[in-house]
Amino acid sequence: MTNRIRTLLGVALVIIGALFLIVAYLVGWTSSNLILLIGLIIIVLGIILHVKLTKSGEKY
């Protein structure tokens, strides 16, 4: 079960980053590049983590 949660952690980070950007847009925080950069970094880290965990779990 914990292995499944580890695999989905990257996808969860991507969703959290996307929700962060949506909330930032709705609230009006888009004038600050730092807020947008934080959302982007969370999404990129989620993608990297997902690919890394998926590759480590597979047998070639």
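1. Helices here are DSSP runs of H or I with at least four residues, strands are runs of E with at least two, and both are numbered from the N terminus. Asn33 counts as exposed because its relative accessibility is 60%; exposed means over 50% relative accessible area, buried under 20% and partly exposed in between, with a 1.4 Å probe and protein chains only. From Asn33 to Val51 there are 18 residues in sequence and 27 Å in space, C-alpha to C-alpha.

2. A word on the model: it is predicted, with local features needing pLDDT of at least 70 and side-chain atom pairs counting only at pLDDT 80 or more, while totals for chains, interfaces and linings use all residues. Residues are numbered from 1 along each chain as its sequence is written, and side-chain values use heavy atoms, leaving out hydrogens and water.

3. Now the overall picture. The protein has two helices and zero strands. Its C-alpha trace spans about 45 × 20 × 10 Å along the principal axes. The radius of gyration is 14 Å, whereas a compact globule of 60 residues would have one near 10 Å; this radius is taken over C-alpha atoms, and the globule rule is 2.2 Å times the number of residues to the power 0.38. Of the 60 residues, 13% count as buried.

4. How do the helices pack? Helix 1 (residues 2–27) and helix 2 (residues 33–57) meet at an angle of about 165 degrees, with axes 7 Å apart. That makes the pair roughly antiparallel, a label for angles over 145 degrees. The contact, meaning heavy atoms within 4.5 Å, includes Arg6, Gly10 and Phe20 of helix 1 and Ile35, His50 and Thr54 of helix 2. By class, this contact has 16 nonpolar, seven polar and one charged residues.

5. Finally, do look at Thr54, which sits in helix 2. Thr54 is partly exposed, with a relative accessible area of 27%. Thr54 and Gly10 are 44 residues apart in sequence and 9.5 Å apart in space, C-alpha to C-alpha.

How values were computed
Axes are lines fitted to C-alpha atoms, for helices over the stretch in contact, and angles run from 0 to 180 degrees between N-to-C directions. Angles under 35 degrees count as roughly parallel, over 145 as roughly antiparallel, 65 to 115 as roughly perpendicular and the rest as oblique. Ala, Val, Leu, Ile, Met, Phe, Trp, Tyr, Cys and Pro count as nonpolar, Asp, Glu, Lys and Arg as charged, and the others, Gly among them, as polar.
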